[in-house]
Amino acid sequence: MVNGWLLLPIGVPWLGCLAVWLVGDRKPRLQHTLAVIFSVLAGATGLALIPWSSQRATLLLPLGGVFDDFRLATDGLSVFLTVVATVIGSLAVIFSVDYMHGEHSLGRYYAFVLFFIGSMSGLVLTTSLLWMFVFWELTALCSYALIAFHNDDPKAVRGGVKALIMTQLGGLGLLFGALWLYAYTGSYDINQFLGNPNVVPPAVLSWMAFGFLIAAAAKSAQFPFQTWLPDAMEAPTPVSALIHAATMVNAGVYLLARFYPAFEAVPGWRLAVMIVGMLSALLAALMALVAFDLKRVLAYSTVSQLGFMVYAVGAGGVFASQFHLMSHSVFKALLFLGAGAVIHGLGTRDMRQMGGLRQSMPFTHAVFMLGALALAGIPILNGFWSKELILEAGLGHGNPAWIAWLMILSTGLTAAYTVRMVSLVFYGNGSKHHHEAHDAGMAMRTALLPLAAGTLSTWLLLGPFYTALKSSLPYHTLELGTVWEEVVKVAGSPEWGMTLGVGMEILREPSTYLVLCVVIVGLVAWLGRSRLASLIATFKGVEKAAQASFGFEAINEAVVQAVQKTGEALRVTQTGYLAWNVFAILLGWLVVLILTMLGRAS
Amino acid sequence: MDYLDGVIVLLVVLGLVGIGIYAIMVSRNLIKIIIGMQVMVKGVLLAFVLAGRVSGNMGLGQSLALTVIVVDTIVAVVALALAVRVRRRFGTLDPRALTTLRR
């Protein structure tokens, strides 16, 4: 049964999780080895799914009536995200061999990382909304456990709890969506729903659409839930690279892209998605410009780039968003792991204490530069192509122009904060620390090199990826433009020719040059900031606001305080006396009885 | 079994459950509370059998009742063991002493 293969990307990491856990913390060497073996195996099973990316292979395990059947299916979208999860997962595990060397409770660490890889594969492979919800929550659990991995550090624990609570809000939206779907169609099957979204009444459909938007925003740390991601940076850096940059935070974008055909026509939904994406991209880019913690800068940058993807979905560029998702996973994982090497070498995350690391860490400098240039959107690196596609989608399709212009502004800001980050870390005068710094170790290099190669080359997959998505997603309308079709005719081979064609088309677009100009202005503005001092001074207010994360932390605090106050106030009702509790149960029973009788009567 | 029999059994069920709940609410001795719980569960057992009879699905009602008997025994055993622990720890069987979880 060839379709049993579909279980492997979930099963192999989960087996590894058990194995590492059972080995016990007395044998750290064996734990490292086992984790690497199982994650690489998982990566191999993920890659083995690629031949199925353009067709639909399904697997159905009947589970009786209470739960939905366990359904897995391949298509371009799910296979590609499985590959991202398993391959980047295995690289993060390899990186951890150096990074986590000598840490306590490695069993817990590796078990949760492997458990996460399996859950993420399940999340994207399943076609049942209920099971999607289950896997969705499993990834949130792993994220929580790994953020709070250093559980003797109150900051880490608080960050973990914050992430857990905020993503739960999103999970609620997804659960409601799933239950509504079941109530109206009697099945949780996603594809059945996408084929005919009108089985659900329009009002409920729009509730579902906005519920899913909230779910996606919470999971992907989008406006107004973006505050959990920077606090999640207390996690060990490979975890940040894997969960909080490359995979889990993409689940929200995946959800929106997957359900785009169903919600496309809901009035106001696309605009709402675009605005959420735009606000996240813009505000997070501003915050990245003023942060001093290296990992926080990268976290804000992740929020910003996810904002680009969300915006692209809203703008109708589903393909552009997924393509940027791929590019971003690769170069952001590279940046995070590079930052991990820097942090490991120096023992600090504060960029003000770095500087001049170019000499002492030449290898890290080289790969980090590659990732940074891709993030800034410099041509021929993968970030350039995908970002262009997004902005092109935003400028076309009759989308509001003002949002597109703000996105272009965010592109410039991206370039500016990237240059700031790189110059603070690797250039300038070295501080006292950098003599002790050591460059990345062997395992770290093994993980960084493939990612660097990917940053240089994944844009070549544009054509094959596009054909795979187009042939396997029957309900999505994917489009790139018209020019490429002619080019494909000339080039003959439809897949690789398309890369060429799209490349040509992008180079011909005036918007490309516009964006490139903005990127260069962003670069120059940062490099020449001393000359522009008077201009920058006028934006002092913005800087202040950005450092205070635009008041969202204050809102969070207020909510937390309010909840605690309510809890304290309700404490009076908890007398602890059995008689009162029984009395309350009886009272509740009476209320339910009366309600049902009223329901019967009407 | 005609309609009247059903009503009588239902009244017995309500009576047993009511007695049980009353005992749980007013007793100040954990052992008596556990006994009250047992009485209540016996009422529920009867209700299962009755429901099986009324719905014409005797087998289901009886098997559920058997399951509840087994579960109920375990509950009673665990509850009594807890009562022993409570007595040793607090020196009393009064449930009003067990409010330490409140704060």
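**Entry 1: chain A overall**

I began with the contacts inside chain A. Counting pairs at least 6 apart in sequence, I find that 79% join residues at least 24 apart. The model is a predicted one, and I keep that in mind throughout. Next I looked up the secondary structure of chain A: 27 helices and two strands. I get 53% of the 602 residues of chain A counted as buried.

**Entry 2: α8 and α12 of chain A**

I picked a helix pair. Helix α8 of chain A spans residues 202-219, and helix α12 of chain A spans residues 269-290. Their axes come within 11 Å and cross at roughly 10°. Angles under 35 degrees count as roughly parallel, so α8(A) is roughly parallel to α12(A). I then listed who makes the contact. From α8(A) I noted Ser206(A), Ala209(A), Phe210(A), Leu213(A) and Ala217(A). From α12(A) come Trp269(A), Ala272(A), Val273(A) and Val276(A). I sorted the residues of this contact by class: eight are nonpolar, one is polar and none is charged.

**Entry 3: α3 and α20 of chain A**

I took a second pair. Helix α3 of chain A covers residues 76-99, and helix α20 of chain A covers residues 462-472. I read a packing angle of about 135° for them, with the axes 8 Å apart. That angle makes α3(A) oblique to α20(A). On the α3(A) side, the contact uses Gly76(A), Leu77(A) and Phe80(A). On the α20(A) side, I wrote down Phe465(A), Ala468(A), Leu469(A) and Ser472(A).

**Entry 4: Leu164 of chain A**

I moved to a single residue. Leu164(A) sits in helix α6 of chain A, which runs over residues 154-185. Is Leu164(A) buried or exposed? I count 20 other C-beta atoms within 10 Å, so Leu164(A) is buried. The cut-off for that label is 20 or more. I looked up its contacts too, leaving out residues up to four places away in sequence. Leu164(A) touches Ala140(A) and Tyr144(A). I also checked one distance across the chain. Leu164(A) and Gly551(A) are 387 residues apart along the chain, and their C-alpha atoms are separated by 21 Å.

**Entry 5: chain B**

I turned to chain B. It has three helices and zero strands. Read from the N terminus, the order is α-α-α. Its C-alpha atoms fill a box of roughly 50 × 25 × 20 Å along the principal axes. I compared the radius of gyration with the globule rule. Chain B has 17 Å, while a compact globule of 103 residues would be near 13 Å. Of those 103 residues, 14% count as buried. For contacts in chain B with a separation of 6 or more, I get 49% from residues 24 or more positions apart.

**Entry 6: annotated spans in chain B**

I checked the record. An unreviewed UniProt entry carries the annotation "transmembrane region" for residues 6-26, 33-52 and 64-84 of chain B. I looked at two of these spans in the model. Residues 6-26 of chain B are 100% helix and 0% strand, with end C-alpha atoms 30 Å apart. Residues 64-84 of chain B are also 100% helix and 0% strand, and their end C-alpha atoms lie 30 Å apart.

**Entry 7: where the chains meet**

How many residues of chain A are in contact with chain B? I find eight, and they meet 10 residues of chain B. On the chain A side, six of the residues are nonpolar, two are polar and none is charged.

Conventions: Residues numbered from 1 in each chain as written. Chains lettered and ligands numbered in written order. Predicted model: local features only at pLDDT ≥ 70, side-chain atom pairs only at ≥ 80, totals over all residues. Axes fitted to C-alpha atoms, helices over the stretch in contact; angles between N-to-C directions. Helix = DSSP H or I, 4+ residues; strand = E, 2+ residues; numbered from the N terminus. Parallel < 35°, antiparallel > 145°, perpendicular 65-115°, else oblique. Contact = placed C-beta atoms within 7 Å. UniProt positions renumbered as here; feature names shortened; annotations may be inferred. Buried ≥ 20, exposed ≤ 12 C-beta atoms within 10 Å, placed from the backbone. Rg over C-alpha atoms; globule rule 2.2 N^0.38 Å. Nonpolar A, V, L, I, M, F, W, Y, C, P; charged D, E, K, R; others polar.
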